[in-house]
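This report describes one protein chain and its ligand.

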Amino acid sequence: MANVLIENLVKIYPGSGGPDVKVVHGINLEIRDREFMVLVGPSGCGKSTTLRMVAGLEEISGGAISIDGRVVNNVLPKDRDIAMVFQNYALYPHMTVYDNMAFGLKLRKYPDVEIDARVREASAMLGLDAYLDRKPKALSGGQRQRVAVGRAIVRKPKVFLFDEPLSNLDAKMRVSTRTEISKLHARLGATMIYVTHDQVEAMTMGDRICVMKDGHIMQVATPLELYNRPANLFVAGFIGSPPMNFFRGTLQTDGHALRFVETNNEEAPVAIVLDERLSALGRGHVGQPVVFGVRPEDVQDATTVAHPDPGRTIEVTVEISEPMGAETFLYLTTGANNFIARVGPTDRFESGQRVKVTLKLENAHLFNPATEQVL
Ligand SMILES: Nc1ncnc2c1ncn2[C@@H]1O[C@H](COP(=O)(O)OP(=O)(O)OP(=O)(O)O)[C@@H](O)[C@H]1O
Ligand SMILES: [Mg+2]
C-alpha cells in the first residue's frame, strides 16, 4: 500500500537580488495506491519542483506531503521509501551495470545474497543480463535508461518517481521504452509518479493525468476524460494533436436553439446552429462573448457526410493540405479564424480552394473567454 497525498503544497525560491519567486501555488493532489499518475505541463510549470519535493530533494515552503498517511515534510529522502529515475540517468561511470544496480543496496548494508537476487531479478525483467559486466559508456541511451530504472526497482520502493526519463532517447526508442515502463507498472503493482512535458506520453501512460500550468493544477482526470471533457481552455488546447480548434464569437438565439456567430469577420461571419446540449449550456450567455471549441476530427469534409446539416456546414478556404498517409490535415481559414480538419487520406485539396465542412457537435465545447472555464 502506498498513496501519496499532496496538500496545499507551496514552493518559494528566494530571489537572487530580486523578490522571492513562488513557483508552486498551493496544489492539492492525491496519488492513489498503485496508480500511475502523470504530471504534465509546459516547461517551467513546476513539475520537477513538485516531484523533487515528494522525493525530499527540495525543501517544502508550505503545505504537506504524506506517504501512506505519514507526513514526510521533515523525513530525509533516504527514509521516504521512494526511488527516483532522472532524465540524465545519473549512473556511476566507473561502475559496471551490476554494481550500479547493487550500489544503493550495499550502502544500506543488505546481505550479498539478497543484493544478488534482487539485481538478477531486475536485470531479467529489463533484458539487461547480457550487459551486467559493462560500464555505462559502453551502453546505448536506451540501455542506460533501463539500468537507471533497474537501480530503482532493486530498492523495492513504495513509490517510483520519474522525471522525463525518456527525453534523451530517439523517437523510436522513446515509444518502446514507454511501453516497457507501462508493463513494468502493471507487473510491479507500484505507485508511480511520472513527469513529462509530452502530452502523448501522458495520454498513453497515465491512469490519471494532472495538467499543470504556472504552478497551478488545471485539471486532474483520466486521459479520455481530459480529452473529451476538458475543464478549461488551457487543457482543451494542450491535450490533443493537432490541438482543438477555437473560434471567438458570440451567442445569439435562433428559435429554440442558440447560434454561435464568429466575431472579427465582417464579410462572412461563420454561424453555427448549436445542438440541444450546447444550447442549454450557453443559455445564460446569450449576447456575450464565448469561445467555441471543436477538435480537428470533428471537422468533416461535407462531401463525405451523408446528409450534412446546413446549420453546421460552413464554407471556408483551404490554406494548406498536409497528407500524412493514414489521414490528411487540412489547414483552413474562415478569414478571421484559422483551424484544422483531420480528413480521409484520399481526399485531395488545393491551396486557395473553397470547401464546405460540417462540424460534429457531440464533443464540441463552449468556453467563457474571461474565466477560460468550460460552460
Ligand atoms: N533553484 C531555483 N531557483 C529559482 N527558481 C527556480 C529554481 N529551480 C527552478 N526554478 C523555477 O521554478 C519554475 C519551475 O521549475 P521546474 O523545474 O519545476 O519546471 P518544470 O515544469 O519541471 O519544467 P521543464 O519541463 O522545463 O523541466 C521555473 O520557472 C524555474 O525557473
Ligand atoms: Mg522539469
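## Domains

The protein chain is assigned domain 1 (4–238) and domain 2 (245–367), with bounds that come from an automatic or database domain assignment. The C-alpha centres of domain 1 and domain 2 lie 40 Å apart. Contact between the two involves 4 residues of domain 1 and 5 residues of domain 2, where two residues are in contact if their C-beta atoms, placed from the backbone, lie within 7 Å. The side of domain 1 that touches domain 2 has 3 nonpolar residues, 1 polar residue and no charged residues. In these classes, Ala, Val, Leu, Ile, Met, Phe, Trp, Tyr, Cys and Pro count as nonpolar, Asp, Glu, Lys and Arg as charged, and the others, Gly among them, as polar.

## Model and confidence

This is a predicted model, in which local features need pLDDT of at least 70 and side-chain atom pairs count only at pLDDT 80 or more, while totals for chains, interfaces and linings use all residues. Residues are numbered from 1 along each chain as its sequence is written, and chains are lettered from A and ligands numbered from 1 in the order in which they are written.

The mean pLDDT (the predictor's confidence in each residue, from 0 to 100) of the protein chain is 92, and 99% of its residues reach 70 or more. Confidence is lowest in helix α5 (residues 171–188), with a mean of 85, and highest in strand β10 (residues 216–221), at 98. Helices (H or I, at least four residues) and strands (E, at least two) are DSSP runs, numbered from the N terminus.

## The four-stranded sheet

An open sheet of 4 strands is ordered β2-β1-β4-β5, with antiparallel pairing; two strands pair if DSSP finds at least two bridges between them. β2 and β5 (70–71) are at the edges with a single partner strand each, so one side of each has no neighbour in the sheet.

Strand β1 (residues 4–13) and strand β4 (residues 62–67) run antiparallel and are joined by 5 bridges. I6 has I65 in β4 as its bridge partner. Helix α1 packs on this sheet and touches β1, β2 and β4. The direction of α1 makes about 115° with that of β1, with axes taken as lines fitted to C-alpha atoms, for helices over the stretch in contact, and angles running from 0 to 180 degrees between N-to-C directions.

## The ligand shell

Ligand 1 is surrounded by Y13, V21, V23, G41, S43, G44, C45, G46, K47, S48, T49 and H197; a residue is counted if its C-beta atom, placed from the backbone, lies within 6 Å of the ligand. β2 (21–31) and α1 (47–55) are the elements that give two or more residues to this shell. The most comes from α1, with 3 residues. By class, the shell has 4 nonpolar, 7 polar and 1 charged residues.

## The five-stranded sheet

A second open sheet, of 5 strands, has the order β15-β19-β16-β17-β18 with antiparallel pairing. Its edge strands, β15 (299–301) and β18 (338–343), each pair on one side only. The twist averages 50° from one strand to the next.

Strand β16 (residues 313–323) pairs with β17 over 6 bridges in the antiparallel sense, and S321 stands opposite L330 in β17. The hairpin of β16 and β17 has 4 residues between the strands, and G325 takes a positive phi near 105° there. On to β18, 6 bridges join it to strand β17 (residues 328–333), again antiparallel. L330 stands opposite A341 in β18, and Y331 stands opposite I340. The β17 and β18 hairpin has 4 residues between its strands, and G335 in the turn has a positive phi of about 105°.
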